[in-house]
Amino acid sequence: MLLSEATNAGGNFSLVPLVVFFPLIGLLLNIIFGGRLGEKAIGWLASLASGLAFGVAVLLGISLIGSHGAGVTVPFLDWITIGSLHLQWAFRVDTLSVTMMLVVGGVGTLIHIYAIGYMHEDVRHNGDPGRYRRFFVFFNLFIAAMMVLVSADNYLMLFVGWEGVGLCSYLLIGFWYDKGKDGIGNAIAGKKAFITNRIGDFGFLVASFLMFKFFQPLAEGGVFSFDFDSVAAIAPKVASPVILAITLFMLLGVAGKSAQLPLFVWLPDAMAGPTPVSALIHAATMVTAGVYLVARSFAIYSLVPAAQNWVAIVGGVTALFAATIAVAQFDIKKVLAYSTISQLGFMVAAVGMGAFVAGMFHLVTHAFFKALLFLSAGSVIQGMEHGHHAVEHDPLLRRKMKQNERLGSTHHFDPQDMRNMGGLRHRMKTTYWVYLAGALALAGIVPWAGFWSKDEILAEALHLNPAVYWLLTIAAFFTAFYMGRQVIMVFFGEPRSEPAAQAHENPPIMTVPLVILALLSTFGGFLNLPFIHTFTHWIEYTIHPAAEAAEAGAEAAAHAGPWYMWGGLNLIVAGLSTLLALIAIALAWMIYTRRVEALKSLPAARRPDDPLRSMLGPVFTGMEHKWWVDELYEFLIIKPYVAISRFLAEVIDWKFWHDFFHDTIIAGGYRGLAWIFANPIDLGVIDGIANGLAEGVRGLAAQARRIQTGFVRNYALSVFVGVVLIISYLVFQLR
Amino acid sequence: MVPVMYYVILSAILFIIGALGVLIRRNAIVVFMSIELMLNAANLAFVAFARQYAATSGQLFVFFVMTVAAAEVAVGLALIVAIFKTKASINVDQINTLKG
Amino acid sequence: MNFVIYPLTLTTFFPLLGVLIILFLKAEHKNAIRWVALLTSLVTFGISIAVLAQFDTANPDLQLVARAPWFQIANWTVHFYMAVDGLSILLVMLTTFLTPISILSTWTAVEDRVKEFMIFFLLLEVGMLGVFVAQDLFLFYVFWEFTLVPMYFLIGIWGGQRRMYAAIKFFLYTMAGSILMLLAILWLGIYQGTFTVPDLIAKGGIPDAVQMVLFIAFAAAFAIKVPMWPLHSWLPDAHVEAPTAGSVILAGVLLKMGTYGFLRFNLPLFPEAAVKAAPWMALLATIGIIYGAAVSYAQKDVKKLVAYSSVSHLGFVMLGLFALNPQGIAGGILQMVNHGLSTGALFLIVGMIYERRHTRDMNAFGGLWKIMPIYGVLTLIVTLSSMGLPGLNGFVGEFTILLGAFGSEHISPWFAGISAAGVIMAAVYMLYMFQKLFLGPVDKEENQALKDLNWREIVTLIPLLVFIFWIGLYPKPFFTLMAPSVDKLVTIIQAAAAGLP
Amino acid sequence: MSLSDLVLNLKVILPIAVLVLWACALLIIDLFIPAQRKGLTALLAALGLAVVLGLAVAQAGRQESAFNDMVVVDGFSTFLNVLFAASGLAGIALAYDYLKRTGMERGEYYTLLMFSISGMMLMAQATDLIVMFLALELLSIPLYVLSGFARPRADSEEAALKYFLLGSFSGAFVVFGIALVFGATGSTALATVLEVARNGAANLTLLVIGAGLVVVGLGFKVAAVPFHMWTPDVYQGAPSAVTAFMSVGAKAGGFAALLRIFMVAVPSTSAHLWLVFEILAILTMLLGNLVAIAQTNIKRMLAYSSIAHAGYILMALVTYGLPTTAPIGVAAALFYLVAYAVTSFGAWAVVIALEKAEGKGLELDDYAGLGRKYPLLALAMAVFMLSFTGVPPTLGFMGKFYLFGAAIHGGFVGLALFGVVTSLISAYFYLRVIVIMYMREGDPEVSADPWLKFTAIAAAVLTVLLSLAAGPLFNLAARATLFLN
């Protein structure tokens with residue numbers, strides 16, 4: 001079923017530009033009037049803008065249901081038109097884009113609301129309330145950019161959004177730009193994110209160049225517009241190596257944006273941003289743009305199995321790799337960050353293999369539960385901050401904490417370090433429960449959302465790419481383990497620091513969104529239940545190859561499938577993964593309650609901060625240090641780049657080119673020549689020649705007296721030499 | 001009859017002697033006399049050619065040259081006298097404050 | 001005499017009126033002089049808008065022609081010939097647009113010899129406008145060389161520490177290139193019988209070998225001006241030493257004269273040579289992009305960083321022009337404008353902080369966003385524009401250039417591919433600069449008391465930002481202006497390329 | 001020769017005749033003018049020159065010969081006569097205050113100047129080698145005296161002696177060269193020489209060598225390398241006003257003779273001599289410009305600059321054997337002479353304005369701060385420097401454009417390349433003057449004389465305006481190539 005190119009899209013479809021413009025209006029209002037509005041008003045204004053965008057998305061969704069999934073393209077304005085290039089800013093409304101809009105708008109709005117409360121505290125903790133408005137302006141900007149991305153009708157507009165969200169990410173990671181390591185750490189983290197993303201964008205750009213070069217001649221009327229439909233239509237006519245190149249370059253873009261190997265390094269550092277940022281941008285929405293891109297490009301990816309294979313492998317390896325790192329992190333957000341990378345690996349693997357629906361499904365559920373986890377983590381952190389605050393203001397408690405410090409923890413108090421937490425389930429009940437929901441969803445326990453989506457990916461993987469299946473399954477095991485570890489470290493046991501003991505629950509403005517998200521995480525999986533496959537059918541309107549494959553699969557399952565196929569659900573796969581998850585959780589339980597108890601007997605100085613450290617030894621250190629990838633890049637890329645550019649700038653360009661070549665060779669040579677001409681030649685060389693001649697002449701005249709030459713006569717000599725030369729030449733010529 | 005070329009060669013030799021005189025001698029007056037010698041060498045050539053072509057213009061030229069030489073002498077000697085007053089020398093080698 | 005009131009002549013020479021008025025003002029009346037200069041340049045801008053209003057976007061040929069025989073030497077007639085087409089109209093507008101902004105930026109920055117400064121500045125405007133509207137090679141050359149003079153004074157008198165060195169270097173370098181062009185112009189005029197560009201294009205038929213020589217002679221002048229790697233050595237000196245307004249104009253307009261020269265003369269006059277030279281030019285452009293970006297990153301002086309970034313940015317322009325296809329050339333033209341806006345704005349920005357702190361060492365700053373939030377935001381936008389963020393102007397230019405270069409039949413796609421890496425590197429040095437200046441803690445005592453931008457400064461930047469957004473979001477009007485002329489140019493080149501073995 | 005014939009003949013040389021008579025009269029009148037009122041002499045001399053200028057202009061369009069074809073009036077001579085007369089006026093304007101300041105205000109100055117001009121004008125009109133020689137000496141001898149005018153200043157005397165000795169020395173080469181040309185063709189009339197040479201009746205060896213020697217002698221006058229070495233010393237030593245006049249007049253006179261002889265009489269020697277001219281041109285441009293860089297004294301710098309400019313004009317002579325290019329070359333050379341004259345007088349006016357007694361104030365460093373203290377004068381000087389460099393819109397640029405165009409037209413692209421490259425070299429030291437004036441601080445003192453300022457500013461205005469409205473001047477120069485044979 002192809003989309004109808006509706007220029008005069010009827011009804012709600014024509015509202016689609018508003019998904020972009022509501023947030024834009026919101027941010028403009030906040031820029032212009034924000035100075036006069038109170039904090040609450042700013043936050044609610046921004047939330048309203050985001051909520052309205054979500055409302056539009058809902059209306060679009062309803063219209064789509066009404067049109068039985070038939071999407072439309074809504075042209076907005078001409079962007080770039082030169083010769084055979086015709087780029088439009090057009091909106092695309094189909095089930096895929098609306099799904100994304102719903103996620104972005106819905107989760108986005110919830111996080112906006114949450115942030116009203118969270119940022120209120122955050123700007124105070126960090127001592128700069130002036131930034132409150134800035135935060136919401138950036139946040140709205142992000143929503144707008146993300147909406148541009150998901151609503152784009154062509155690759156270039158998608159890229160506009162793509163870079164736009166990158167910008168917001170940069171700005172928000174560096175939101176506390178005067179904080180972090182040496183006061184500049186956050187700013188550097190932002191820069192790292194942007195530049196890493198740019199590396200990916202380079203891939204995206206090259207892919208688009210290739211597309212233009214090879215698709216344009218085949219385009220209708222010779223005019224190429226980069227829109228998804230025409231790309232899909234032309235792609236089969238293009239040589240497959242070209243398609244392979246395009247898809248692989250695009251994969252680089254995906255790796256950048258969705259934090260896949262080898263470009264994942266920016267995402268953990270991106271946790272420097274305020275927690276709502278991590279939730280919205282670095283978990284739920286922006287980082288999934290890569291997945292969305294591959295799903296969008298299903299038509300070209302489906303043409304080249306090799307590319308699909310690569311994508312799947314990248315996704316699979318990333319999933320496992322990041323999961324191992326997550327196991328050994330102590331920062332509550334870092335764990336979630338690596339978990340995000342890992343989960344993105346799942347999605348990328350899925351869309352890579354051609355399981356577009358499964359990938360998209362996981363994208364949606366992941367948006368729910370990961371946003372939830374981050375926000376609850378934010379709640380935890382905020383709670384810890386409160387605790388810390390309480391401690392700071394209570395001399396008694398402060399002394400108590402000092403003692404603790406003397407006992408072992410020498411570092412400055414870090415409210416994000418899980419080693420400082422523990423036992424929070426009593427002090428922050430709501431947070432605990434919602435966190436648990438999120439964790440279970442992530443771990444893939446029936447019936448939480450993550451189970452359904454992850455299982456679908458695993459089932460498809462087994463079918464399409466067994467190697468990747470095993471990678472993902474092991475990753476799933478780790479996932480359950482580190483989530484178990486985190487929940488236990490944070491919420492169970494005894495408080496390991498005084499602030500943890502003093503932590504308390506956050507206000508409803510923060511907890512209500514959490515609860516909503518918790519519900520979504522719990523029941524979100526029901527979007528695509530066996531037999532019913534609501535979500536599959538929904539996406540199938542847009543993604544046809546997936547539709548065919550899945551339909552074939554579903555039919556096979558319904559009619560001639562083996563016993564373990566149950567309404568599209570592979571029971572073996574589901575069972576195995578659930579079993580592994582449960583084992584992992586149990587293992588975590590064993591280690592982090594029993595083992596920790598056992599270790600308590602050791603003196604504090606020799607007691608490891610994590611039981612696993614003693615159990616795994618160097619492996620744990622490797623995981624803790626992210627397998628030294630940052631260091632590797634520092635050594636392989638950053639240091640050489642800095643060195644080369646220093647060398648070019650200081651040695652080649654300045655010392656050699658500027659100083660030596662210009663000043664010494666050109667200018668110096670010039671002056672030298674002038675000097676030579678002014679002195680030796682004018683007075684010496686010509687004199688010398690003249691003298692020589694004069695000597696000869698004198699010899700001829702038998703006047704062997706050495707006569708001191710004077711200037712007038714030298715001048716005459718010069719004339720004479722000139723005459724002699726000219727006459728000699730003429731005589732020579734004439735003969 | 002002596003071929004005209006002989007005169008020309010003689011005049012050339014005289015001319016060169018004159019030129020060498022300019023190059024070699026230091027006394028300004030002698031230098032100036034050498035220049036006169038060069039002019040007279042030219043005169044000789046003129047007269048010789050005039051005779052060859054039986055053209056009077058060549059001989060006419062000689063008179064002009066002589067007149068001009070006389071005028072130059074007037075100016076030149078005056079200059080030399082002036083220099084001598086200032087420097088008490090007419091050695092051209094000592095007249096070298098301007099250079100570079 | 002009604003010749004004088006032709007729109008283009010009027011635009012070009014109107015600043016002279018200001019010069020005349022300023023000449024009769026007392027040097028002590030600094031503000032009066034400033035206002036006269038500003039108003040003159042604003043009126044010039046107004047006149048140029050009238051020119052734009054009369055410009056027929058559908059017409060690929062030269063328009064608004066003001067043409068008359070000027071003088072005759074031997075049998076070579078030199079014409080006074082001014083006209084615009086799609087290739088130059090934007091640059092004319094850019095010039096008249098940037099001049100008032102630059103003048104406004106000098107309000108407090110230039111206190112010494114204001115009278116002379118404004119005179120030179122307005123003269124410079126005349127020269128620049130003349131370069132862009134002259135359609136006779138001789139006339140062009142006169143304006144081309146003439147621009148050197150006021151710029152030389154601007155750098156030399158109002159410049160920084162090593163201003164004399166920089167001024168002389170600027171002059172000599174630029175002149176070194178243009179003297180070769182002079183010979184080529186003479187050759188064309190004498191052996192082709194005309195100095196006017198359209199006639200020369202129509203005549204054509206220059207033997208290939210000669211064409212190459214002429215191409216190189218013209219290219220020498222333009223490449224130094226652009227400046228293309230490796231002829232850029234004068235640029236950092238000139239930029240660093242020039243006063244802010246001088247840098248703005250230097251980067252904003254003067255460098256464009258080089259790229260414009262390629263566009264107006266090298267491509268249509270010597271199309272065969274252009275096709276043959278395209279890979280080499282693209283090579284130099286690519287090296288320039290990468291090299292400029294790498295070198296920028298290692299700078300400590302923020303002005304120098306921006307200066308080197310020009311090498312990189314103009315590399316993009318050159319790459320686009322020598323893609324020899326509509327996307328590349330149109331992108332190149334747009335990128336000229338973009339660079340004028342973005343880099344012009346960057347120099348203004350650098351000038352603003354220099355005026356406050358009298359240093360340009362990036363290590364002397366940090367955390368300025370907190371102290372000067374308006375300044376921070378404006379800088380951020382300009383920085384992003386300069387590094388080619390989609391939605392802002394830089395991207396539109398760079399993307400179309402790269403697209404064109406990649407799809408070009410005349411140069412290898414590798415150039416575009418490698419140049420695309422320049423986009424990454426642009427982010428590296430631009431964000432580095434932003435971070436050094438604006439992010440991190442405010443750890444320098446001197447920075448604590450800095451004042452945020454005042455209204456005048458904001459007003460100087462806002463117009464630039466408007467266009468930064470406009471071009472980024474809706475570049476269509478700009479492309480529409482140039483499209484027919486670009487197509488015509490491409491047709492000429494394609495015809496030439498078809499004739500080549 | 002009847003009286004009416006004499007009158008007709010005299011009409012041809014009327015400006016010269018008036019000038020000489022006026023000069024003689026002034027010599028006597030001056031005796032009656034008291035020493036402190038020598039301004040009157042200057043005024044009278046200027047009046048005379050103005051009349052001469054008028055007469056010269058009135059000759060425009062006439063093509064006549066007189067005195068048995070020994071002199072002519074034609075476009076070429078008229079053009080140059082106007083230039084010479086105007087140069088004389090400029091020379092007086094420059095000298096008036098200068099002489100007073102330096103205490104050498106003597107009436108002879110103006111008479112000598114006028115005699116020298118009459119020599120120059122005769123040079124432009126002469127069509128016989130005898131007359132040409134006479135004109136050369138008439139031009140030179142007053143200049144020898146003028147060079148020593150600052151007597152008893154040693155450097156002035158030294159300059160005079162050097163100039164005199166070397167001038168006579170080179171004059172001897174001219175005479176000998178003429179003798180050989182006469183020997184080759186049997187005539188000294190240019191027209192006859194041409195005819196004989198064209199018929200093949202001439203002794204080619206003698207002709208070519210004779211022509212070569214003439215090149216040497218006149219090359220000395222125009223200061224071509226390697227016959228240039230007197231130039232810096234004499235320019236430096238001579239009173240600045242004299243130098244200014246000499247740098248224009250003597251050079252133009254030399255070129256007048258060179259152009260006429262080689263275009264009119266001996267184009268047949270071009271096969272042998274063009275290379276000589278080319279090498280001379282290249283050497284002159286190169287050396288003049290390079291050595292100028294090393295100078296710190298403005299007068300010496302301008303001396304080398306004048307050497308260099310002679311080199312550019314010599315480019316025009318390289319093409320003298322090409323029938324189609326030669327007229328362009330001549331016109332270009334004439335145009336360039338005008339451009340050079342205007343610029344040079346202007347520059348010297350500034351130099352003189354800054355010069356203090358006893359030859360002080362002539363170092364480049366003495367120009368520091370001029371831009372701030374005397375903006376108009378500095379601007380004028382900047383214009384002259386740019387014109388010397390050849391930057392538009394100045395006459396210098398137009399002149400170079402024309403000259404290089406001629407060279408390219410004749411196919412001498414390499415020569416033109418040399419021309420532009422040396423222009424670039426020259427930019428370095430011309431710009432240095434501007435740099436010092438504007439970019440260094442100093443406290444220069446400037447003479448208050450209005451005439452100097454007027455000359456400087458008028459020259460600056462002319463330098464710019466004439467370049468923008470160069471059409472008429474181009475036409476005049478082009479018409480001035482109509483030689484009357």
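## Helices, core and chain contacts in a predicted model

At 1.5 Å a residue, helix α5 (residues 108–125) of chain D, with its 18 residues, should span 26 Å, and the distance of 25 Å between its end C-alpha atoms agrees with this. The structure described here is a predicted model. Helix α5(D) is mostly covered, since 17 of its 18 residues are buried.

The largest nonpolar core holds 760 residues, and the members that touch the most others are Ala371(A), Leu472(A), Ala42(B), Met123(D) and Phe176(D). Helix α14 (residues 325–354) of chain D gives the most to this core, namely 24 residues. What does Ala371(A) touch, when residues up to four places away in sequence are not counted? Its partners are Val107(A), Ile111(A), Ala279(A), Leu280(A), Ala283(A), Ala284(A) and Leu517(A).

The contacts between chains come next. Five pairs of chains are in contact, and among these pairs chains A and C share the most contacts. In that pair, 41 residues of chain A are in contact with 44 residues of chain C. On the side of chain A that touches chain C, at least two residues each come from β1 (72–82), α5 (155–173), α6 (185–215) and α28 (629–700) of chain A. The largest share of that side, twelve residues, is supplied by α6(A).

Chains D and B form another pair: 35 residues of chain D are in contact with 37 residues of chain B. Here the elements of chain D that give two or more residues to the touching side are α6 (129–147), α7 (154–185) and α10 (230–237). Of these, α7(D) gives the most, with 18 residues.

By contrast, no contact joins chain B and chain C, and their closest C-alpha atoms are 25 Å apart.

Glu445(C) lies in the loop between α18 (413–438) and α19 (455–473) of chain C. Is Glu445(C) buried or exposed? Glu445(C) counts as exposed because it has 7 C-beta neighbours inside 10 Å, and the limit for an exposed residue is 12 or fewer. In sequence, Glu445(C) and Ala364(C) are 81 residues apart, while in space their C-alpha atoms are 9.9 Å apart.

Technical notes
Residues are numbered from 1 along each chain as its sequence is written. Chains are lettered from A and ligands numbered from 1 in the order in which they are written. This is a predicted model: local features need pLDDT of at least 70, side-chain atom pairs count only at pLDDT 80 or more; totals for chains, interfaces and linings use all residues. Two residues are in contact if their C-beta atoms, placed from the backbone, lie within 7 Å. Helices (H or I, at least four residues) and strands (E, at least two) are DSSP runs, numbered from the N terminus. A nonpolar core is a set of buried Ala, Val, Leu, Ile, Met, Phe, Trp, Tyr and Cys residues joined through C-beta atoms within 7 Å. A residue is buried if 20 or more other C-beta atoms lie within 10 Å of its own, exposed if 12 or fewer, and partly exposed in between; C-beta atoms are placed from the backbone. The expected span of a helix is 1.5 Å times one less than its number of residues.
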